[in-house]
Every structure is written in C-alpha cells, then in structure tokens.
Amino acid sequence: MKKHVLIIGGGFAGLAAGVYLAEVGHKVEILERRAFLGGRAYSFLDSSGAWDLDSRDVIDNGQHLFMGCYYETFKFLKKLGTDHLIKLQSQPRVDFLDSELGKLSLNCPSLPPPLHLAIGLMRLKGLSLIEKLNTLRVGTVLNLSQEKLEKQLGQLTVKEWLVKAGQSERVQTRFWDMLSVATLNEEPDVAAATLLAKVLQQGFGGSRTDSCMAVSSVGLSELYTEQARSFIEERDGKISLRTSAKRLLFADGICTGIELANGETVKADIYISAVPYFALRQFLPEKLVSSNQYFAAWQSFKSSPIISIYLWFDQAITDLQFAGLLNARLQWLFNKNLIISSSKRDRQLLTFVISAAHKFQNFSKQQLIDIALEDLYKFIPAAKNAKLLKSLVIKEQHATHSATVESEKHRPEQKSPIKNLLLAGDWTKTGLPATIEGAVLSGRICADIVNHL
Ligand SMILES: Cc1cc2nc3c(=O)[nH]c(=O)nc-3n(C[C@H](O)[C@H](O)[C@H](O)COP(=O)(O)OP(=O)(O)OC[C@H]3O[C@@H](n4cnc5c(N)ncnc54)[C@H](O)[C@@H]3O)c2cc1C
C-alpha cells in the first residue's frame, strides 16, 4: 500500500530515501531547515567578501572524495542521471608529498585485487622492505565476515589493532594513520578498528575499480540536489525548505506528527529522521529516551571536526590533482583547477584539509592560513613565488560523529522500536564510516523498510 512519508533532512540520506520512495509511488514530503538542500555535502559560489578577487569559483563545503566502491552512491546518482559527473581514476593511485623524499606514489598496477595493492605497497618509496611486508599482514581481515570482524576487532582502536598486527610506529604514521584519519575522521588511538577494516575490505577486497579514488567534476550541490528535488516533485512529492522540525510527537506507542519551529504540526503515515544525531536528540521526548535503550544508547555521541582551507594563488603551484602530506599539520592538498571542470586556469585554487581537527578548532582563521602556507612552502618551496590572492577557511565542527570503539557499538539501526519511525543518516548503523556512501545506504535501507511495512 502506498504511504505518506515525511522525511526530516535534505542531505544525501534524506534525498536518497525520498527518491527511492517516490520512485515506487509513495507520497514523499521532505522538510529541510535551511534554504537549500545538500546538508553537509553542498557547494556555493565564492564571492568577493573582504577581498579584491571575486572568483565566482564553485566551493564545496569541504572537498569530498568518493571511491569506486561507493556502489550505493553511484546507483543513486545514476538514477538522477549524474553519475557521469564523477571523475573516477582509471587506476588506483594516491600521491604523497614528503618534505625530504619529495613525491611518493602508491600506484597499484593492473593486477587482480588485493595483489594490485600488495605490489603498489612494495613499490612505495619511504618504507623498508620489512615494513612493507608487514603491512600485508593487515590484509588478513579482507575476507572476514562482519560477524568475525566484530568479534576479532570490536574492542580495539585502530592503533591497538595496528600494534597487534606488528605495524611499526613509522608505518603507522606514514601510511595507516593517513588512511585512518582520512576515511574515519578520527584519531587512530580512539577510532574503531572495525571501521578501518571495513574500509580495507570495501576498497581493496573487491574489484580493482573499487580502490580507485573519485571526485565530483561539478560542485556538490550541482551533483545531486536539484536533480533529486525534480525527481521527487515530478512524482507528486513535496520539498519544503526553511522548514525546521522541532519535536516528534508520540501517542500510543507510535509517532503521530512533527511539530515545526513555526508552531504548525505536520502528519504522515511514516516518519524518517535523516538529520545528524545531535539534531535528532532535540526532537525526542526525554521519557522516550530514558525508557528505551535504542534511543538512550547514542545520547553520548560526540562530533569530530574537519577544517578546509582554500587558498587562491596568482599562478600554478602544482600539477597534482590531490596529494597526502606526510608528517604535516595539514593532511591533504586538492587542486581545484584539476577537479572542477569549470574552474579558471589563470590562477590556482588549492584546498587543504585537516580531518579529526580537534586540536585546531579554536585556532583563528589567520592562524590556520599561516599553518597552511608554512606547510605548503615546506612541501613545494617554489610556492613562495606565487602571490596569495585570497583565502577562505571553513570549520565544520560537526563534520561527522566521532567514530570511536564505543560509538560504533551504539549506532542505531534504521528500524526503530517505534513502528512508523525510521532513522537515516551517515551516523546510523551501516557498518560503514560516516560518509556519503553510508548516508545514501541508510536512506535506501529506510526506503526498503517502508516498502515492506
Ligand atoms: C568537510 C567535510 C568533508 C567530508 N569529506 C567526505 C569525503 O571526502 N567523502 C565522504 O564520503 N564523505 C565526506 N564527508 C561526510 C559527508 O558529507 C556526510 O557523511 C554526508 O553528507 C552526510 O549526509 P546526511 O544526509 O547523513 O546528513 P546531512 O548532510 O547532515 O543532512 C542532514 C540535513 O538535515 C537538515 N536538518 C537538521 N536539523 C533539521 C531540522 N530540525 N529540521 C529540518 N531539517 C534539519 C540539515 O540542514 C541537513 O540538510 C565530509 C563531511 C564534511 C563536513
């Protein structure tokens, strides 16, 4: 039977749920607090601000990397007709910059996985042969079932797992920590080992394309938000922007409506929360939380920040598309000229990313720009010859939930004990880190549940 479904939140999770539900004829309504869709994965046009340069460049709310193994995301984008806008590497490759050794590349040859990664690691400069051979010991998790993975690693942090697997301090800092912080957005000494293992399984245990990196060739908002809106509206759905949910209403063990910030109440058959954990916390009555382990379990979740620093230069500084920065405060450099197809060529826009940026949260914008320039000059001394035209710093305090061993045990499943209330979002239990892929997967799972109610 077709249902009226109210979804709170217009990010990847809410839009994926909405698209899949509208596709099979359910009446979908999405409530979005902000004036635009996209949640944490959105983009905007740069304007001049206090600077002379009015670049009109497309700025993502932080550079987002995709991977070939983002199957749910590619399926969703294909439905919207935009999967071709993702630029996927033809061969898995990650470049690193080292202030002493220069450029190092993890370049995986055309061999069946995980042999391609093994050979790629063997060719990587900067590690001894013993260290390289040792890294392969971690590969024993590639074929473990989720159950076995949780049994073996469920109590361990990434750091504890790596030590147990004989990884030297140097391999940890030069390889594993980069991978762990980039994919889990949390420090290895607290991040859940199961999640890193899952990343390895998904990225390196399947086909060779799975381990290829990918970027959007258009701003994130252009990639999916308006297309999802049209998809839903063309199927009799409705999207209400600037509409903030305030409270979920319950009676007789079911959800009976959503009270909005403007005092109105909206009603439907099924309710899907597709907001982050800290927003949902506000919607729930205290009595429900204290009496129900499903809701109580994640009340102590915390967030992990990401800081993105955008620097515009008057000339080209690098021809790398993106690179990991070894032993630096900044972790990644992205060359927007080679990522966004519409970007201008007469200057260069570089984005620097600091994930799990807890210790930088209180730094001023100027301090962060100074750090970015210092690190950049260390890796690319010739950059000193370029003139800085403009800068922008975006601090996302709630970039993702903090993916600790403890939080991993308490992520809620999409099906809640309230029959007509489902939870979507990158923080819900997907077995994946808090990523676009996890968000889309959670939305698709909610749609499947509604179809079977
Ligand atoms: C800087 C940064 C870099 C990242 N890099 C990557 C990356 O490289 N690769 C990757 O895969 N992922 C990355 N991520 C993570 C990715 O952005 C998220 O996992 C994903 O966007 C989460 O989608 P979501 O729909 O679950 O939540 P959100 O995108 O947070 O969507 C929730 C929506 O709910 C709305 N909302 C909140 N409260 C209310 C309310 N009361 N009423 C109505 N609406 C409400 C919000 O406005 C928002 O639009 C990054 C995130 C950040 C911030």
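Two strands are said to pair if DSSP finds at least two bridges between them, and this definition is needed for one detail of the sheet described below, where Lys 87 stands opposite Val 215 in β9. The structure shown above is a predicted model, and its protein chain has 15 helices and 20 strands.

**The chain as a whole**

- A compact globule with 453 residues would have a radius of gyration near 22 Å, and because the protein chain has 22 Å, the two values agree.
- Of the 453 residues in the protein chain, 46% are buried.

**Domains**

- The protein chain is divided into domain 1, which takes in residues 4-41, 219-301 and 403-451, domain 2, which covers 93-210, and domain 3, which covers 303-400.
- The C-alpha centres of domain 1 and domain 3 lie 33 Å apart, and the contact between these domains takes 7 residues from domain 1 and 6 residues from domain 3.
- On the side of domain 1 that touches domain 3, the residues by class are 4 nonpolar, 1 polar and 2 charged.

**An open sheet of three strands**

- In the order β5-β9-β6, 3 strands form an open sheet in which the pairing is antiparallel.
- The edge strands of this sheet are β5, at residues 66-67, and β6, at residues 86-88, and each of them pairs on one side only.
- Strand β9, at residues 213-216, is joined to β6 by 3 bridges, and the two strands run antiparallel.
- Within this part of the model, Lys 87 is the residue that stands opposite Val 215 in β9.

**Around the ligand**

- There are 36 residues around the ligand, and those that come nearest are Gly 9, Gly 11, Gly 39, Gly 62 and Thr 435.
- Sorted by class, the shell around the ligand has 16 nonpolar, 13 polar and 7 charged residues.
- At least two residues of the shell are supplied by each of the helices α1 (12-23) and α15 (436-451), and likewise by each of the strands β15 (303-313) and β19 (388-401).
- Seen by domain, the shell around the ligand draws at least three residues from each of domain 1 and domain 3.

Technical notes. Residues numbered from 1 in each chain as written. Predicted model: local features only at pLDDT ≥ 70, side-chain atom pairs only at ≥ 80, totals over all residues. Helix = DSSP H or I, 4+ residues; strand = E, 2+ residues; numbered from the N terminus. Domains from an automatic or database assignment. Contact = placed C-beta atoms within 7 Å. Nonpolar A, V, L, I, M, F, W, Y, C, P; charged D, E, K, R; others polar. Near = placed C-beta within 6 Å. Rg over C-alpha atoms; globule rule 2.2 N^0.38 Å. Buried ≥ 20, exposed ≤ 12 C-beta atoms within 10 Å, placed from the backbone.
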